[in-house]
Amino acid sequence: MCPLKRRRELAIIKPVIEMVYVCENCGYLFSRAEAQDRCPDCGGRMVRSANAVEQSEFVSQVAGLIRDGREAEPRFPNLVETEISMLNSFAFKLPATALQIDSGMMVDVLVEYGESSADRSELIANVWARLVGGGTSQFLLPVRLPARAGEARRDQVNRIFGALNENGTFKVKLYDFVAARLQGAAGGVDRT
């Protein structure tokens with residue numbers, strides 16, 4: 001590998017190295033922005049900060065991922081002009097009967113949320129729905145809440161989930177989504 005390419009890859013990866021963790025249970029190496037006490041791979045609680053050798057191995061793995069599937073000459077973003085958005089998500093299943101619809105249909109609801117890039121004082125969540133086992137999702141609506149400095153993700157999830165429970169538009173859009181799928185199924189149209 002060309003030393004210049006290697007230096008560019010390391011320049012991009014270097015800020016991440018300090019946030020590398022290793023699971024002593026399964027050996028999984030991963031990076032997170034916050035301290036971790038649970039392995040995302042095996043779920044074990046034997047997680048610690050990576051040592052220098054493990055950090056080097058992580059850098060090699062990430063550099064390999066950067067190279068894989070790319071052109072011979074990888075293109076990197078201009079990090080001065082790039083804005084990074086951190087998104088989180090949660091999902092839940094909801095039976096059609098919860099919407100007062102007499103059907104065995106189940107719906108997956110996925111909520112992606114994070115700080116609004118347009119307004120840093122706003123927490124925004126995008127709500128999607130799909131049939132359990134279905135292939136495509138449909139956007140239902142955005143939910144906007146005021147951001148709270150230093151708020152834990154669990155608290156953000158609880159606030160968003162509470163806002164959805166109280167949101168009449170969410171219930172109507174979810175009802176319409178299920179009704180359209182039932183109508184399509186009755187007409188012989190596959191709307192998954």
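The secondary structure of the protein chain comprises four helices and seven strands. The model is a predicted one. Read from the N terminus, the elements follow the order α-β-β-β-α-β-β-β-β-α-α. Of the 192 residues in the protein chain, 32% are buried. Among contacts in the protein chain with a separation of 6 or more, 47% involve residues 24 or more positions apart.

**Strands S4 and S5**

Strand S4 spans residues 88–95 and has two faces: Asn88, Phe90, Phe92 and Leu94 form the covered one, while Ser89, Ala91, Lys93 and Pro95 form the uncovered one. S4 runs antiparallel to strand S5 (residues 106–115), and eight bridges join the two. Within this pairing, Ala91 has Leu110 of S5 as its bridge partner.

**Aromatic rings**

The model contains four aromatic pairs. One of them is formed by Phe90 and Tyr113, whose ring centres are 6.0 Å apart and whose planes stand at 55°, so the pair is tilted. Because Phe90 belongs to strand S4 and Tyr113 to strand S5, this pair ties together parts that are 23 residues apart in sequence. Phe90 counts as buried at 13% relative accessibility, and Tyr113 counts as buried at 2%. Ring pairs also link these residues into a cluster whose members are Phe90, Phe92, Tyr113 and Phe161.

**Val127 in strand S6**

Strand S6 covers residues 122–131 and includes Val127. Val127 has a relative accessible area of 0%; since buried means under 20%, this residue counts as buried. When neighbours within four places in sequence are set aside, Val127 is in contact with Val109, Leu110, Val111, Gln138, Phe139, Leu140, Leu141, Val143, Leu164 and Phe170. One of these residues, Leu164, is 37 residues from Val127 in sequence, and their C-alpha atoms are 9.3 Å apart. Leu110, the bridge partner of Ala91, is also among the contacts of Val127.

**Glu151 and helix H3**

Glu151 is placed in the loop between strand S7 (138–146) and helix H3 (153–166). Is Glu151 buried or exposed? Its relative accessibility is 15%, so Glu151 counts as buried. Apart from neighbours within four places in sequence, Glu151 is in contact with Gln156 and Arg159. With Arg159 there is a polar contact between the two side chains, at 2.8 Å.

Helix H3 has 14 residues and reaches 20 Å from its first C-alpha to its last, close to the 20 Å expected at 1.5 Å a residue. The buried residues of H3 are Gln156, Arg159, Ile160, Ala163 and Leu164. Viewed down the axis of H3, these buried residues fall within an arc of 135°, so they line one face of the helix. The face turned away from that buried side carries the exposed residues Arg154 and Glu166.

**Summary of accessibility**

| Residue | Relative accessibility | State |
|---|---|---|
| Phe90 | 13% | buried |
| Tyr113 | 2% | buried |
| Val127 | 0% | buried |
| Glu151 | 15% | buried |

Note on methods:
Residues are numbered from 1 along each chain as its sequence is written. This is a predicted model: local features need pLDDT of at least 70, side-chain atom pairs count only at pLDDT 80 or more; totals for chains, interfaces and linings use all residues. Side-chain values use heavy atoms; hydrogens and water are left out. Buried means under 20% relative accessible area, exposed over 50%, partly exposed in between (1.4 Å probe, protein chains only). Two strands pair if DSSP finds at least two bridges between them. Contact means heavy atoms within 4.5 Å. A polar contact is a pair of N or O atoms within 3.5 Å; within protein, one must be able to donate a hydrogen and the other to accept it, and residues adjacent in sequence count only if both atoms are side-chain atoms. The expected span of a helix is 1.5 Å times one less than its number of residues. The arc is that of the directions from the helix axis to the C-beta atoms. Rings of Phe, Tyr and Trp (its six-membered ring) pair if their centres lie within 6.5 Å; planes under 30 degrees apart count as stacked, over 60 as edge-to-face and the rest as tilted.
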